[in-house]
Amino acid sequence: GATIYLKDYTPPAYLVDDVHLTFALAPEATRVRSTIRFRPNPEAAGRDFFLHGEELTLISASIDGTPVTPEVTPEGLTCAVPDAPFTWESEVEIAPARNTALEGLYMSNGMYCTQCEAEGFRKITYYPDRPDVMATFTVRVESDLPVMLSNGNPGDSGPGFAEWHDPWPKPAYLFALVAGELVNHPDRFTTASGKEVELNIWVRPGDEDKCAFGMDALKRSMKWDEDVYGREYDLDIFNIVAVDDFNMGAMENKGLNVFNSSCVLASPETSTDMNFERIEAIIAHEYFHNWTGNRITCRDWFQLCLKEGLTVFRDSQFTADMRSEPVKRITDVIALRARQFREDNGPLAHPVRPESFQEINNFYTATVYEKGAEVIGMLKRLVGDEGYATALDLYFERHDGQACTIEDWLKVFEDSTGRDLTQFKRWYSQAGTPRLKVDESYADGTLTLTFTQETPPTPGQPDKLAQVIPVAVGLLGPNGDEVQPTTLLEVTEAEQSFTFTGLAAKPVPSILRGFSAPVILQRETDNAERAFLLANDTDAFNKWEAGRALARDVLLRMLNEGTRPDPAFLGALSSALADDSLDPAFRALVLALPSEDDLAQAQVDAGRVPDPQAIHEARQRMFDAMADTLHDQLAEAYEVYQVPGDYTPGAQHTAARALTNVALSLLSRRDGGKLAQAQYDSADNMTQQLSALSSLLIAGAGDAALAAFEQQWKHDRLVMDKWFSLQITHAKPAEVAEVTDRLTQHPDFSMKNPNRFRAVFGALAMTPAGFHHASGAGYRLMADWLIQLDALNPQTTARMCSAFETWRRYDADRQQMITDELRRIAARPGLSRDTGEMVGRILG
Ligand code: HT7
Ligand code: ZN
């Protein structure tokens with residue numbers, strides 16, 4: 001496919017003042033009439049008039065009322081136009097019922113719905129579908145459906161029609177339309193300046209009882225954005241719609257957020273604690289986009305991190321405020337390492353602001369989102385909380401209503417803080433995870449820390465320059481007291497030393513507190529010191545990190561040297577588990593071992609070829625040893641932290657359940673599943689029920705519960721997604737592919753529903769010992785189904801190709817099998833641009 005480059009950006013030739021759209025909805029033949037007022041852009045170099053348009057049947061077109069015959073290609077149309085303002089009118093026909101790609105206007109369970117980001121609007125009508133063209137939209141929807149929604153404020157409505165007007169100029173990617181037999185969960189919010197806002201969550205009949213939590217999360221988000229960022233909502237109404245068939249989590253369309261039903265519907269009976277937390281975060285994320293994304297948008301798609309990195313950063317702050325800051329930081333870093341470090345270490349590595357792409361949908365990545373958010377976290381640390389607040393005020397003041405770049409963003413920080421961010425900008429342009437090595441020496445009361453930084457080559461970037469790395473450091477005395485509170489070092493050179501003087505004794509340094517930069521810290525240390533930090537560090541992140549490093553080291557030694565589970569490690573876990581001053585959620589995190597994928601990468605970092613089966617077995621042996629050694633403590637914790645009374649999804653109860661359920665999973669290794677069966681039988685909420693089912697599967701005693709679960713929940717698609725996933729993630733490695741294959745034959749398996757497809761094939765990809773089983777059956781099955789899915793839904797197919805991104809880690813046989821499958825996918829006639837680009841990049 002054609003490659004698009006950031007350096008080739010040119011301003012649009014024509015700007016749009018306003019857009020009027022009329023939709024006459026029909027599943028097979030929807031008519032879209034558009035009236036668009038264009039004017040030449042004084043800042044553009046050329047005057048070619050081009051409108052994007054794909055899969056549209058052009059019925060008619062006119063300019064200032066005179067019919068025209070444009071030149072139409074599969075990508076759009078060109079037409080001779082006046083060199084002055086003019087009005088374009090067109091009518092096109094589209095078939096939403098046949099749209100399985102879920103991009104543009106499509107149908108999901110009888111309801112009409114749109115997804116326009118990034119480039120879906122061009123499948124609705126002819127338009128300059130680029131984010132730097134912003135216009136006001138007036139929309140009329142015609143159908144016999146009871147609910148018809150679009151962006152902005154409601155206008156006239158009556159039998160068979162509804163009108164909407166959005167006064168805020170926006171790019172086409174924020175357009176949305178929804179129509180269907182929907183019911184609403186209504187509420188209200190009064191903004192800080194007294195504006196009354198009508199709120200609604202729209203769902204299919206039957207889901208009304210799953211809206212209350214989402215609504216509460218929305219109101220908390222609205223209040224939080226006023227309190228923390230001074231940002232108020234700006235329309236009379238805010239609508240959220242739940243859709244079953246959706247490619248991603250949710251979409252921030254102006255005034256009309258559309259959500260994957262899995263990311264908004266919640267009830268104690270059907271949603272786990274993790275679901276509740278995720279829903280709260282996504283509701284917040286989409287709402288926060290109203291300012292960081294919608295009021296201030298991106299000039300072009302290379303600037304995606306401008307809105308996504310910032311909005312992820314803001315939703316993380318929100319969750320930290322609503323729940324536990326350290327637990328949020330630790331879980332964010334676990335996810336960052338699992339997804340972004342993995343991406344940055346392989347063939348798909350790209351900068352936070354990419355410089356080229358073939359298909360922009362392939363760049364909604366962990367790097368753009370999560371590393372993009374880390375970059376903002378570093379900026380905030382460097383300029384301080386006040387500097388950050390001042391810079392954001394200036395950002396909103398200076399750029400409201402504009403389509404901006406990363407240069408605009410950084411200039412705001414430079415102007416408001418006086419800091420030169422030239423070197424800092426490398427975080428946006430250099431791919432790869434910096435390795436930060438630290439050596440220490442101590443003499444005469446002075447500790448010297450010497451840092452060396454190095455970023456490995458990534459595709460297209462063989463050589464890297466030194467980056468600005470904020471390193472938060474604290475020092476602990478030999479008795480565990482903190483002798484130097486957290487201080488921020490700024491590493492800017494390839495090699496750089498810092499000293500701490502006046503120390504009474506050789507301290508133990510706690511480096512990269514709070515994970516102050518997205519780097520891989522390399523430090524020669526021993527497990528005694530790690531255990532000391534796990535016991536004594538005052539920084540919760542580094543306390544956990546010490547335990548994690550200890551676990552990783554012990555597991556690697558089991559793998560590489562055939563040692564038995566280290567009693568000293570088990571002792572350290574026992575002390576942490578016994579420490580009642582620690583948040584139970586934190587203790588649950590300490591008891592969770594590094595994932596099989598983490599260990600595979602750790603082996604690669606140590607110069608070894610990972611054996612997925614051996615990794616799986618070592619981890620299982622360690623869990624068994626934990627079950628034996630910690631048995632009495634686990635049994636006690638299981639009792640003591642049981643949550644009494646009705647289920648609530650707040651942080652405190654969630655934390656207690658996290659600990660009891662980790663305990664249950666370990667205890668179930670030794671009691672044949674007795675305790676888990678009791679919990680399963682008495683559970684009145686999904687967290688308890690699903691944890692019990694999972695523990696029963698660990699105990700090898702889950703067959704009856706699996707059948708009962710299916711009977712109980714077969715009517716609920718979101719719960720059944722869990723049922724599909726769990727069987728794969730808990731299957732024996734040699735049986736994973738077979739179980740996956742069997743589940744694809746289940747009557748409720750469907751390729752058309754991305755949630756269900758991901759429940760099955762996402763689970764396969766996340767079960768390394770099964771997916772990478774030496775038979776190659778996992779690879780074959782994945783490729784077979786990706787080929788089938790690509791014909792229906794290229795976006796979801798392309799995203800799932802990342803299952804193969806780590807292929808270079810493995811032995812020659814596995815490499816051969818994976819590349820054979822990738823080539824088989826690549827050779828498929830009619831393969832989508834999305835999947836073609838991903839497979840091509842993975843193969844390298
Ligand atoms: N801004 C949105 C990103 C997005 C998307 C959402 C749903 C379907 C397809 C999509 N493509 C891109 C979601 C967000 O970051 O909030
Ligand atoms: Zn977003």
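Predicted model: local features only at pLDDT ≥ 70, side-chain atom pairs only at ≥ 80, totals over all residues.
Let me start with the shell around ligand 1, whose residues divide into 5 nonpolar, 4 polar and 4 charged, where Ala, Val, Leu, Ile, Met, Phe, Trp, Tyr, Cys and Pro count as nonpolar, Asp, Glu, Lys and Arg as charged, and the others, Gly among them, as polar. Of the 13 residues around this ligand, Gln115, Glu117, Asn247, Met248 and Met251 come nearest, and a residue is taken as near a molecule or strand if its C-beta atom, placed from the backbone, lies within 6 Å of it. Two or more residues of that shell come from strand S20 (250-251) and from helix H2 (273-288), where helices (H or I, at least four residues) and strands (E, at least two) are DSSP runs numbered from the N terminus.

Residues are numbered from 1 along each chain as its sequence is written, and chains are lettered from A and ligands numbered from 1 in the order in which they are written.

Ala118 itself sits in the loop between strand S11 (111-115) and strand S12 (135-142). Most residues other than glycine have a negative phi, and most peptide bonds are trans.

Leu512, which is not a glycine, has a positive phi of about 65 degrees, and Phe515 has a positive phi near 50 degrees. Leu512 lies in the loop between S30 and strand S31 (520-523), and Phe515 lies in the loop between S30 and S31 as well. Are they buried or exposed? Leu512 is buried, with 24 other C-beta atoms within 10 Å, and Phe515 is buried with 22; the term buried requires 20 or more other C-beta atoms within 10 Å of the residue's own, exposed means 12 or fewer, partly exposed is in between, and C-beta atoms are placed from the backbone.

Gly502, by contrast, is exposed, with 8 other C-beta atoms within 10 Å, and its place is in the loop between strand S29 (495-500) and strand S30 (508-511). The C-alpha atoms of Gly502 and Gly445 are separated by 5.1 Å, although the two are 57 residues apart along the chain.

Turning to the sheet, 8 strands form an open sheet of mixed pairing, in the order S6-S5-S9-S3-S2-S12-S15-S14, where two strands pair if DSSP finds at least two bridges between them. Strand S6 (66-67) and strand S14 (153-158) stand at the edges, each with a single partner strand, so one side of each has no neighbour in the sheet. Within it, strand S5 (residues 57-63) and strand S9 (residues 86-94) run antiparallel and are joined by 6 bridges, and Thr57 has Glu93 as its bridge partner in S9.

Finally, the overall division. The protein is divided into domain 1 (4-181), domain 2 (298-429), domain 3 (435-517) and domain 4 (714-844), with bounds that come from an automatic or database domain assignment. The centres of domain 1 and domain 3, taken over C-alpha atoms, are separated by 53 Å.
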